[in-house]
Amino acid sequence: MGRRITILGSTGSIGTSTLDVIRGLGPEYRAAGLAARSRWRELAEQAREVRPSAVAIADPRHAADVRPLLNGATELLVGAEGLVELVRRPETDFVVAAIVGAAGLESTLAAVDAGKTVGLANKEALVVAGALLVPLAEARNVDLLPIDSEHSAVFQAMAAGRRAEVRKVYLTASGGPFRTWTAEQMASATPADALRHPTWSMGPKITIDSATMMNKALEIIEARWLFGLDVDSIEVLVHPESIIHSMVEFRDGSVIAQLGTPDMRTPIQYALTWPQRLEGCARRLDLSTVRRLNFEPPDLERFPALRLGFEVARTGGTAGAVLNAANEAAVEAFRENRILFGRIVEIVERVLERHDVVPDPDLQTLLEADAWARREVAECLNA
Ligand code: NAD
Ligand code: MG
């Protein structure tokens with residue numbers, strides 16, 4: 001059972017790992033489409049290697065740069081509409097949603113709407129619009145397969161029982177680069193400090209989210225939507241080695257964990273080959289050299305983002321869109337050295353406090369909440 005795969009965000013960390021997995025899987029798995037925002041040279045280089053039927057460049061200013069580098073077999077699509085057109089094309093049946101941030105929502109929704117199987121890395125799409133994406137996937141009979149390592153682990157562990165038999169889901173967290181730092185040290189950490197992740201190599205936005213633990217907050221909301229969980233059944237457990245990727249506890253007391261080396265190619269491949277398992281390319285796990293697996297409860301004082309994650313998961317409505325957009329804007333400001341590390345979550349919390357949550361929002365209302373939150377962050381920065 002092969003796959004014709006479109007990769008949204010092909011030039012990113014997940015995108016390039018996906019291409020790596022496809023190379024290893026052999027000819028039944030082909031890249032049928034590629035899309036990126038602005039890294040046109042890399043996009044063209046990828047297209048020359050895998051010869052997709054089409055590529056899309058989201059930033060229209062770079063269309064003229066890519067065009068001459070493509071061979072005649074590859075069509076060029078442009079702008080946000082180009083990405084939507086790309087996922088709808090009949091040459092593709094599987095879409096890897098690996099754009100970073102709410103920018104990936106529109107194309108992910110379009111892929112689900114077009115009935116394509118989706119491998120979801122873009123957790124922000126679910127945080128913003130899980131209440132729309134999940135029912136749409138059900139209506140279109142589309143599989144939304146997790147690529148995020150924790151959610152891939154939960155998905156695999158869930159296969160050991162029935163949904164009604166699940167008592168608890170433990171999302172593991174490495175704790176990020178500041179796991180052992182004091183609040184004072186963290187307050188003025190630099191972007192370079194925050195980008196030094198101890199176990200995973202990932203794109204810059206998610207790496208900074210791991211440092212604030214906002215990444216785990218987003219993952220609580222992601223898990224809630226993907227598995228239809230009651231928020232009270234989700235727990236976060238710090239596990240610095242990143243070997244156990246998450247666990248499911250069933251009501252009889254059995255706890256099923258999924259383990260592996262910290263390499264995103266494993267969960268990416270599982271999504272692509274599901275329900276089969278094929279030979280993988282990640283380094284194999286050798287527990288005799290790991291020797292010790294450690295666990296500790298998360299520190300909500302030093303990592304208040306986690307508390308926000310649980311609150312927003314319970315609140316629902318437009319709260320997820322606001323949490324996500326405020327975080328995206330604050331992380332960007334931190335990366336531009338406009339705010340100190342300690343202010344990222346502080347700003348997100350302040351914006352959430354000022355937001356009047358709209359229950360059961362439609363897409364337009366979610367996009368408005370997103371834009372409102374970004375304006376609020378801009379105001380905080382200028383105040
Ligand atoms: P990255 O920054 O390395 O790559 C982002 C990709 O998205 C790039 O290809 C870029 O061109 C594209 N992109 C950005 N904005 C766009 C836009 N407006 N339109 C079209 N394309 C756009 O990010 P990443 O680390 O690969 O993360 C991608 C997603 O996967 C995120 O949602 C992240 O949370 C999730 N994720 C990543 C990892 C990881 O190991 N990197 C693990 C779990 C989940
Ligand atoms: Mg994760």
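Which side chains meet in a salt bridge at 3.3 Å, N to O? I looked it up: Arg307 and Glu349 do. By salt bridge I mean a side-chain nitrogen of Lys or Arg within 4 Å of a carboxyl oxygen of Asp or Glu. Arg307 counts as partly exposed, at 29% relative accessibility. My scale: buried is under 20% relative accessible area, exposed is over 50%, and partly exposed is in between (1.4 Å probe, protein chains only).

**Ground rules**

I am working on a predicted model, where local features need pLDDT of at least 70 and side-chain atom pairs count only at pLDDT 80 or more, while totals for chains, interfaces and linings use all residues. I number residues from 1 along each chain as its sequence is written, chains are lettered from A and ligands numbered from 1 in the order in which they are written, and side-chain values use heavy atoms, with hydrogens and water left out.

**Entry: domains**

I noted three domains: domain 1 (3–146), domain 2 (148–313) and domain 3 (316–383). The bounds come from an automatic or database domain assignment. I then went to domains 2 and 3, whose centres, taken over C-alpha atoms, are 24 Å apart.

I found 23 residues of domain 2 in contact with 19 residues of domain 3, contact being heavy atoms within 4.5 Å. The area buried between the two is about 1,700 Å², and carbon and sulfur atoms give 76% of that. Buried area here is the accessible area (1.4 Å probe) that two parts lose on being put together, summed over both.

The count between domain 2 and domain 3 is one salt bridge. Glu349 and Arg307 form a salt bridge, with their closest N and O atoms 3.3 Å apart.

On the side of domain 2 that touches domain 3, H8 (183–187), H9 (191–194), H10 (204–212), H11 (214–226) and H14 (304–315) each supply at least two residues. Helices (H or I, at least four residues) and strands (E, at least two) are DSSP runs, numbered from the N terminus. By class, that side has 17 nonpolar, three polar and three charged residues. Nonpolar covers Ala, Val, Leu, Ile, Met, Phe, Trp, Tyr, Cys and Pro, charged covers Asp, Glu, Lys and Arg, and the others, Gly among them, are polar.

**Entry: helix H10**

How many of the nine residues of H10 are buried? I get seven, and the helix is mostly covered. Among the buried ones are Lys205, Ile208 and Asp209. The cover over the buried residues of H10 includes H6 (123–140), H9, H11, H14, H15 (319–335) and H16 (343–354). Just after H10, Met213 takes a positive phi of about 65°.

**Entry: loops**

I stopped at His239, in the loop between strand E9 (234–238) and strand E10 (244–250). His239 is buried, at 1% relative accessible area. Leaving out residues up to four places away in sequence, His239 touches Thr172, Ala173, Ser174, Ile244, Leu293, Asn294 and Phe295.

A cis peptide bond joins Trp274 and Pro275, with omega about 5°. Pro275 is in the loop between H12 (265–273) and H13 (287–290).

Is Asn337 buried or exposed? Exposed: Asn337 has a relative accessible area of 61%. Asn337 is in the loop between H15 and H16, and has a positive phi of about 60° although it is not a glycine.

**Entry: other salt bridges**

I searched the whole structure and got 30 salt bridges. Asp20 and Arg265 make one of them, at 2.8 Å, N to O. Asp20 lies in H1 (residues 13–25) and Arg265 in H12, so the pair ties together parts 245 residues apart in sequence. Asp20 is partly exposed at 29%, and Arg265 is partly exposed at 21%.
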